[in-house]
Amino acid sequence: MVNQKYITIPELAKLMGLSRIEVYRKVRKGQIKAEKIGHMYVITDREAANIIGKKTNARDKSQIEKAVKKTVREYGEVLIKLGKE
């Protein structure tokens, strides 16, 4: 978990232009691979790029990087602690 970058479902929903409820449904159906950490699902940035269905261009990569940084900033300690469980 330490070497991978993650984004949350709401962040992926924003990138995909979908509601977060729709993204949650896709995760529950197995259409989107996500990991559950505590009460939160996270998606790797690589998986997010695959889901979007194209090579990540500079603009998309920038948005994903911002989402990852925000997630780590807000939930970093929790992700580390939960990853050790």
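**A walk through the fold**

Start at the N terminus and follow the protein chain: its elements come in the order β-α-α-β-β-α-α. That makes four helices and three strands in the secondary structure, where helices (H or I, at least four residues) and strands (E, at least two) are DSSP runs, numbered from the N terminus. Keep in mind that this is a predicted model, in which local features need pLDDT of at least 70 and side-chain atom pairs count only at pLDDT 80 or more, while totals for chains, interfaces and linings use all residues. Residues are numbered from 1 along each chain as its sequence is written, and side-chain values use heavy atoms, with hydrogens and water left out.

Now the chain as a whole. Of its 85 residues, 29% are buried; buried means under 20% relative accessible area, exposed means over 50%, and partly exposed is in between (1.4 Å probe, protein chains only). The chain exposes about 6200 Å², with carbon and sulfur atoms supplying 48% of that area (Shrake-Rupley method, 1.4 Å probe; for residues, only the protein chains shown count as cover). Take the contacts (heavy atoms within 4.5 Å) with a separation of 6 or more: 57% of them are between residues 24 or more positions apart.

Next, the salt bridges, of which the structure holds two. The term covers a side-chain nitrogen of Lys or Arg within 4 Å of a carboxyl oxygen of Asp or Glu. One of them pairs glutamate 65 with lysine 5, their closest N and O atoms sitting 3.3 Å apart. This pair ties together distant parts of the chain, as glutamate 65 is in helix H4 and lysine 5 is in the segment before strand S1 (6-8), 60 residues away. Lysine 5 is partly exposed, at 37% relative accessible area.

The salt bridge between arginine 25 and glutamate 22 (3.5 Å, N to O) stays within helix H2 (residues 20-29), where the two are three residues apart, about one turn of the helix. Arginine 25 is partly exposed at 42% relative accessibility, and glutamate 22 is partly exposed at 27%.

Finally, look for the largest pocket, which holds about 320 Å³ of space. Its 13 lining residues include Pro10, Glu11, Lys14, Ala67 and Lys70, the closest to its centre. Helix H1 (9-16) and helix H4 (58-84) are the elements that give two or more residues to the lining, and H4 gives the most, with seven. A pocket here is an open set of points on a 1 Å grid over the protein atoms alone, where a 1.4 Å probe fits, with protein on both sides within 12 Å along at least five of seven lines; lining residues have an atom within 4 Å of a point. The volume is the space filled by probe spheres set on the points, which are joined across faces, edges and corners.
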